[in-house]
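Please study the sequence and the structure shown below before reading on.

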Amino acid sequence: MEKKNGNEISRRSFIKRTALASGAIGTMSMGSSALLSSCKGEKGTVYTPLKAAGTYYIPELPDKAADGRELKAGLIGCGGRGTGAAFDFLNAANGVTITALADTFVDRLEGAAKQLKEKKNIDIPADKRFIGLDAYKQLIDSGVDMVIIATPPNFRPEQFKYAVEKGKHAFLEKPLAVDPAGYRSIIASAKQASAKNLAVITGNQRHHDRPYVESYKKIMEGYIGEITGAVVYWNGGQLWYRNRQKDWSDAEWMIRDWVNWTWLSGDHIVEQHVHNIDVFTWFSGGVKPVNAVAFGSRQRRVTGDQFDNFSVDFTMENGIHVHSMCRQISGCKDNVSEFIQGTKGSWTSAGHVIKDLAGNEIWKYDWEAQKQQFQQSNPYVLEHVNWVNHIRANKTIDMATDLGVSTLAAVMGRESAYTGREVTWDQISASSQDLMPADLDLKKKMDMKGFVVPVPGKA
């Protein structure tokens with residue numbers, strides 16, 4: 001076996017990392033996955049044609065969802081983000097509640113149950129508290145109308161698939177997957193969800209962030225002209241990590257420390273930086289990358305098998321280049337933003353400002369007007385407002401297909417950095433790569449030699 005940094009790479013891990021087969025999938029369209037227009041018309045929507053991006057959609061963003069039938073939701077994944085999403089859902093509408101919880105670990109579930117009782121007086125009965133890797137099935141079968149899926153990313157495709165099979169509306173945290181196998185599963189399930197008239201909202205909350213939505217409208221109206229390039233950033237500090245406890249199995253440690261392991265999180269270019277990549281694919285009308293050339297390294301990370309910095313040059317299908325940059329190292333210059341250049345000017349999310357080619361400010365988001373017009377401007381709540389409104393209006397919405405493109409683009413960048421090779425969309429979309437460990441068991445010992453830091457140029 002080939003060795004890296006003194007550790008053997010298992011044959012299975014090596015095959016997973018490098019299985020980038022040739023092939024292509026069909027071009028994604030915005031049609032089924034777009035958001036509802038704020039302009040009313042026949043069946044509640046008006047479509048605005050555009051020269052470059054075809055049809056675009058703007059979400060309705062009232063402060064709270066319209067009243068309607070009672071809705072029961074189940075929370076799958078009771079960690080910090082999952083618990084936060086549950087409260088965002090409860091704050092988005094009247095007549096909604098959480099009736100069931102599911103998590104791999106009892107302490108996480110009990111923590112969420114305690115918060116729901118203390119802050120919302122919602123008491124989850126013992127028979128609606130499900131524990132284990134398959135707990136999501138019990139929750140989905142427990143009589144809920146909808147599910148909030150906030151487990152580690154690698155588990156989301158299978159959980160979404162089961163939810164759709166059972167006819168449940170779904171809120172999916174980002175990213176949607178960590179590998180091509182998960183991406184294809186998400187896309188297939190999204191199509192089935194649309195066919196069943198289900199509402200699927202995703203956790204790329206910038207789509208429900210008022211300044212981003214207004215900026216998007218201005219770009220669609222031609223304020224910066226045709227897009228010619230972009231730079232997207234998520235440069236921030238080190239995230240949390242978990243030191244291994246004596247009584248934890250291999251699987252339990254990694255799942256509790258999930259944000260530091262590629263098979264669980266996809267690495268931070270996928271788990272976190274997908275937000276910024278998604279802003280560009282959204283603002284450009286769903287344009288996909290044709291290829292990616294990237295590099296990255298591991299400098300200061302403590303646990304896991306991931307890099308802590310990436311730099312990617314994406315060539316998009318319309319020929320323009322996008323520079324993607326992300327870092328999780330404390331003590332460095334931070335920047336979480338997006339910059340898009342056009343033939344007439346540029347836009348940045350730093351303040352949500354548009355300038356002409358001479359550098360003159362020609363538009364800026366009006367923050368004071370927002371305060372006067374709206375009481376609710378938390379995008380984490382507003383995405384649930386949109387979700388509930390679609391369900392109560394019996395309207396389908398599919399945000400998973402578009403976010404799937406952004407997710408796979410991030411995976412594409414990761415694999416280029418890990419291997420040191422150019423990676424194309426056709427290769428990554430047809431790849432057999434599946435990072436889920438075989439026969440995952442919380443009690444069995446795992447081959448930890450298979451989880452090593454990649455060495456570019458050797459994979």
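The following points concern one helix contact and several aromatic residues. The structure is a predicted model. Two packed helices are described by the angle between their axes and the distance between the axes. A pair of aromatic rings is described by the distance of the centres and the angle of the planes.

**Helix 11 and helix 14**

- Helix 11 spans residues 274–283 and helix 14 spans residues 400–419; their axes come within 9 Å and cross at roughly 125°.
- Angles from 65 to 115 degrees count as roughly perpendicular and those over 145 as roughly antiparallel, and helix 11 and helix 14 are therefore oblique to each other.
- The crossing of helix 11 with helix 14 is right-handed.
- On helix 11, the contact is made by Val-274, Ile-277, Asp-278 and Thr-281.
- On helix 14, the contact is made by Asp-402, Leu-403, Ser-406, Thr-407, Ala-409 and Ala-410.
- By type, the residues of this contact comprise five nonpolar, three polar and two charged.

**Aromatic residues**

- In the whole structure, a search finds 18 aromatic pairs.
- One of these pairs is formed by Tyr-136 and Tyr-162, which are edge-to-face, with 6.0 Å centre to centre and 90° between the planes.
- Tyr-136 belongs to helix 4 (residues 135–140) and Tyr-162 to helix 5 (residues 156–165), so the pair ties together parts that are 26 residues apart in sequence.
- Tyr-136 and Tyr-162 are both buried.
- One aromatic cluster is formed by Phe-155, Trp-253, Trp-261, Trp-263 and Phe-451.

Terms used: Residues numbered from 1 in each chain as written. Predicted model: local features only at pLDDT ≥ 70, side-chain atom pairs only at ≥ 80, totals over all residues. Heavy atoms only, no water. Axes fitted to C-alpha atoms, helices over the stretch in contact; angles between N-to-C directions. Helix = DSSP H or I, 4+ residues; strand = E, 2+ residues; numbered from the N terminus. Parallel < 35°, antiparallel > 145°, perpendicular 65-115°, else oblique. Left-handed = near helix turned anticlockwise from the far one by under 90°. Contact = heavy atoms within 4.5 Å. Nonpolar A, V, L, I, M, F, W, Y, C, P; charged D, E, K, R; others polar. Phe/Tyr/Trp six-rings, centres within 6.5 Å; stacked < 30°, edge-to-face > 60°. Buried < 20%, exposed > 50% of the residue type's maximum accessible area, 1.4 Å probe, protein only.
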